[in-house]
Amino acid sequence: MVLENLVKTCSPNQRAGAGCAKERLCQVSADRTARKIKKMVWHITKRELYDHLNSLRFAFTTVLLIGLMIVNAIGYLGEHTAQSTAYQKKVSASLDKMRSNAESLYNLLTEGPGPLYKKPRPLSFCANGGETFIPESAGGVGEGLFMTSSRFSISTTWRMKYPQSNPSLWDLMPDYTNVDWGDIISIALSLIAILFTFDAISSEQERGTLRLTLSNSISRGTVLVSKFLAALITISIPFLIAALINLFLLYTSGSVPLAASEWGRLGVIVFIAFVYVSIFLGLGLLISSRVSSSSTSLTILLLIWVVWVVLLPATIGALTSGLQPTMTHNELTARQQSLASRFFEQYDELWRKTPSREIPATEETLLWSKYLTEDARDNEKLNEEHLNAQIAQVQFSRSITRISPASSVRYAIESLAGTGFTRHVQFLKHVRRYAGEFRTFLTETDRVDPESPHALGPKEGTSQKPVRFESIPKFEDRISFGGAYNAAATDILLLLLFFVVLFAGAFLSFIRVDV
Amino acid sequence: MFLTLIRRELLDNLMTFRFAAAVVIMLLLVVANTVVLIKDYEGRLADYNTAVKTHRQELLERKTYSDGMGKITLDRPPNPLSIFNTGLDKRSGNEINVSHAFTPTIWDAKKHEAENSFFNIFTSIDIVLIFQGILSLLALIFAYNAIAGEYEHGTLRLVLSHPVRRGSILFAKYIGAIVCLFVPLLMSLLLMLILLTTSATISLNTDDFLRIGGIVFTSLIYLSLFYLIGMLISAITRRTSTALILSIFVWGFLVLVYPNLILTAVDTAPQTDTKPATYHQVKQMWEEFERKRKQFLRNDAVPGEDWKLSFYTRFNDQPSRLLYYHYPGGDLETIDEKSEPQVPHAQNYHHYLGMLTVNIAERRWLIRKPVFETIYVQPANKARILLKFSPAGLYDAATEAWTGTDLNGTQDFFRAAQRYRQAVVNYLHDEKIFASRQWFSADQGSVDWNTLPQFSFHRSDIAINAKRAVPDLFLLFMMNILLFIAIFLVFVKSEV
């Protein structure tokens with residue numbers, strides 16, 4: 001920006017002079033000025049940098065960041081091992097159940113694939129993403145026995161169910177958050193950025209050194225850019241050191257597998273952190289140049305910070321829940337009941353109809369099959385509708401909380417770390433796709449059994465042959481990285497926009513400052 | 001002279017930008033959050049009312065005593081003061097089954113279905129959290145130049161040239177600033193109370209207002225503590241810029257970092273290893289029950305289990321909660337003539353087993369209680385003690401005690417539920433219900449559930465709240481005094 005300015009100031013000369021030589025001369029002088037400016041920027045940056053590095057706040061920042069990162073690493077190591085073992089245990093229990101159900105295709109049809117679990121992510125130390133409040137599983141489970149009579153007994157067909165979040169009711173611990181990278185970046189780094197810039201311009205104004213600097217042939221833009229760069233470098237030094245210590249601890253412990261793609265995403269997270277810090281540096285410079293006393297500037301900045309970073313993400317989320325209504329609990333139960341009562345309304349004659357194993361399937365068997373399939377399908381549809389309404393509500397609130405960059409940065413880190421709400425939505429998509437696969441598998445396996453009447457649903461109409469366990473499709477939770485980057489891109493762009501606006505504001509206001 | 005000093009300090013503080021900013025920000029935050037919190041409370045209250053109604057309805061539909069025993073569900077009303085400090089009020093279970101077969105605890109509680117539980121990912125902010133974070137920051141912003149500023153401007157030398165003692169200067173500064181800081185606190189609280197009283201669903205009684213008074217008093221002490229911390233930093237550093245930076249870092253550490261850090265660093269998560277052995281112990285008790293049941297049947301005049309009366313067994317097996325029990329019951333509509341001779345024997349049988357169930361439930365509670373204490377309560381208490389090393393933690397604990405949303409206050413409900421269970425069991429004993437026909441059969445009319453003891457729950461008295469809050473309050477107060485003495489010593493000995 002500064003360079004462009006200078007080139008522009010040069011252009012009147014260029015117009016005044018006629019001819020190629022003069023033009024070239026002007027070009028050369030512009031180049032020279034640009035080089036001079038670059039040198040100047042670096043010179044002032046260096047001066048500022050030395051100032052910062054020798055200051056008390058730098059020492060505090062270093063201690064604070066390193067402390068936080070070490071605690072994060074230690075806390076996470078214990079947690080990750082526990083989570084991984086718990087996950088393995090649950091998955092193998094679920095598979096064992098499936099293996100025993102594989103004795104007969106009918107059992108698979110009534111019991112379904114069982115609960116499907118979300119795999120713990122290696123990068124969850126970057127963003128915990130409120131995982132404690134998000135369900136860890138979704139599952140295809142059976143409803144159990146539906147009807148028995150002396151002639152037959154009918155079990156319902158499996159359907160997908162989405163458990164609501166289950167924060168442990170037994171947990172009597174006081175509220176606290178596991179410190180993750182998201183917290184360190186969104187809260188600590190933004191505060192630190194403010195502390196490094198609140199007096200950047202106002203204190204120089206107070207001491208009169210700004211007048212001295214500007215009396216030399218230095219443009220104001222240069223001064224501003226240098227101050228910005230110096231603060232950014234100063235903050236990035238302790239942050240990078242702390243982050244490296246954190247990663248070193250995690251990496252040497254061996255229990256956290258970090259593959260190449262994880263390192264790539266960590267790199268993007270660090271980049272996001274720099275953009276986020278720049279936003280607050282821009283804000284600090286803006287306020288500092290508007291306000292002449294540094295204490296007032298700090299007061300204003302702290303208040304903005306408290307509202308923007310700490311309170312808005314929480315309050316706005318809860319405030320906006322009313323704007324996007326979801327299916328209420330009463331409505332849900334009412335619709336569930338109406339689905340259940342359909343049996344008596346439309347299929348009342350089924351009471352008297354006994355399914356049989358005759359081939360081809362009798363009318364009775366087919367009717368039972370139709371009812372059971374419809375019942376499972378419609379209930380599943382209702383569950384899904386309820387879930388989608390809830391997801392839409394949360395996503396709406398999340399998009400509004402993005403007016404705070406602290407939310408944006410958290411969401412971006414969550415997407416990259418593969419945790420949190422976006423990840424849960426992705427998990428649900430995988431789960432649904434898997435449910436379809438499982439269903440097709442059941443139909444196709446039944447089709448090749450010559451002894452089955454091919455009326456899936458009642459025991460009599462379904463194949464009862466054992467199924468080879470290996471041939472059953474298994475759910476494997478995986479994350480698509482393309483999706484992660486895409487989801488993060490919006491937030492990164494938003495952060496960049498915040499930065500550009502605030503820095504432009506700082507630039508404009510600094511240009512007009514009376515020294 | 002002292003009054004002049006105070007007046008000067010007051011004017012100095014009141015005419016500043018930071019005072020105006022403090023008032024505006026407090027009003028803004030408190031009002032915005034009160035609206036959210038009231039909405040949240042109203043939602044929970046509506047859920048509670050629906051739950052009470054449905055649970056009552058479910059109970060009234062039961063025709064026999066044994067059938068109703070699994071259906072007595074008590075609901076925990078939301079605490080209106082949770083607007084101030086949510087504590088455990090929102091998180092812990094809010095409905096619990098009461099039966100003669102087990103002692104109800106907080107671990108057996110369930111939760112009403114919420115409209116959209118995904119919303120928990122947005123952290124909720126209560127009024128105390130605002131005070132805890134913002135008031136302390138404001139106090140430090142008021143304090144950082146209290147002494148250092150006077151050193152820098154040289155005004156201290158001027159003041160001390162008058163016959164004024166240094167102690168009174170300090171005290172005047174302290175009083176002036178606290179009065180100024182109290183203004184935004186009180187204003188925001190008043191606005192909040194206005195909002196609370198305009199809401200039709202929230203009814204606060206006299207005790208509640210006294211509790212709010214307790215919260216205000218605690219807030220004042222907390223405020224003064226942070227002002228003194230700022231003053232000490234100001235007196236030691238003697239430079240405003242250093243004092244400011246140091247103050248902000250101290251604030252960040254005490255309020256933001258320490259509470260989250262200490263619980264992440266010190267592993268206080270519940271350990272669940274002791275469970276399988278104890279669960280086995282519990283299961284053995286019920287094997288004994290089964291043995292005794294079979295023995296009873298062998299000795300009985302109607303041998304074997306071949307009842308013409310069809311009974312079912314209520315069965316509950318939850319290893320994670322150390323629950324394992326079953327007891328027989330029935331919900332017969334009619335008893336035909338052929339079965340009639342069996343009825344007295346069945347009554348005998350149910351009487352014997354009912355008494356045995358109650359007995360075993362009480363013995364099992366002796367096993368469950370210490371296990372729960374070690375697994376859940378002790379780590380939680382340890383975590384709370386660790387948090388109290390920061391004034392923010394002390395403040396949170398004290399206000400939780402005032403509002404009754406702390407661990408003790410939440411447990412109060414479950415203690416009441418336990419007492420209620422005892423009352424129900426006594427009623428069953430006294431009225432000889434286990435031995436009655438209505439235990440398993442409704443052929444001579446359904447049970448009149450209104451004769452059962454009624455449950456009512458009132459939050460603990462204000463005196464108990466005060467008793468629970470006092471230790472933390474006292475600690476906060478002592479910290480105040482110590483800090484003041486420290487500031488005095490530093491200031492008296494310093495050269496101007």
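Guide: Let us begin with a pair of strands. In chain B, strand β3 (residues 312-318) and strand β4 (residues 323-329) run antiparallel and are joined by 7 bridges. The model is predicted: local features need pLDDT of at least 70, side-chain atom pairs count only at pLDDT 80 or more, and totals for chains, interfaces and linings use all residues. Residues are numbered from 1 along each chain as its sequence is written, while chains are lettered from A and ligands numbered from 1 in the order in which they are written.

Visitor: What makes β3(B) and β4(B) a pair?

Guide: Two strands pair if DSSP finds at least two bridges between them; here 7 bridges join them, so β3(B) and β4(B) pair. Y312(B) stands opposite G329(B) in β4(B). The hairpin of these strands has 4 residues between them, and L322(B) takes a positive phi near 60 degrees.

Visitor: What makes β1 and β5 of chain A edge strands?

Guide: The open sheet of chain A has 3 strands in the order β1-β2-β5, with antiparallel pairing. β1 (114-117) and β5 (159-161) of chain A each pair on one side only, and are therefore edge strands. Strand β2 (residues 137-141) of chain A is joined to β5(A) by 3 bridges, and G140(A) stands opposite M160(A) in β5(A).

Visitor: What counts as a helix or a strand in chain A, and how many of each are there?

Guide: Both are DSSP runs, numbered from the N terminus: helices are H or I with at least four residues, strands are E with at least two. Chain A comes to 15 helices and 5 strands.

Visitor: Why are residues of chain A and chain B said to be in contact?

Guide: Two residues are in contact if their C-beta atoms, placed from the backbone, lie within 7 Å. By that criterion, 50 residues of chain A are in contact with 58 residues of chain B. The largest share of the side of chain A that touches chain B, 15 residues, comes from α10(A).
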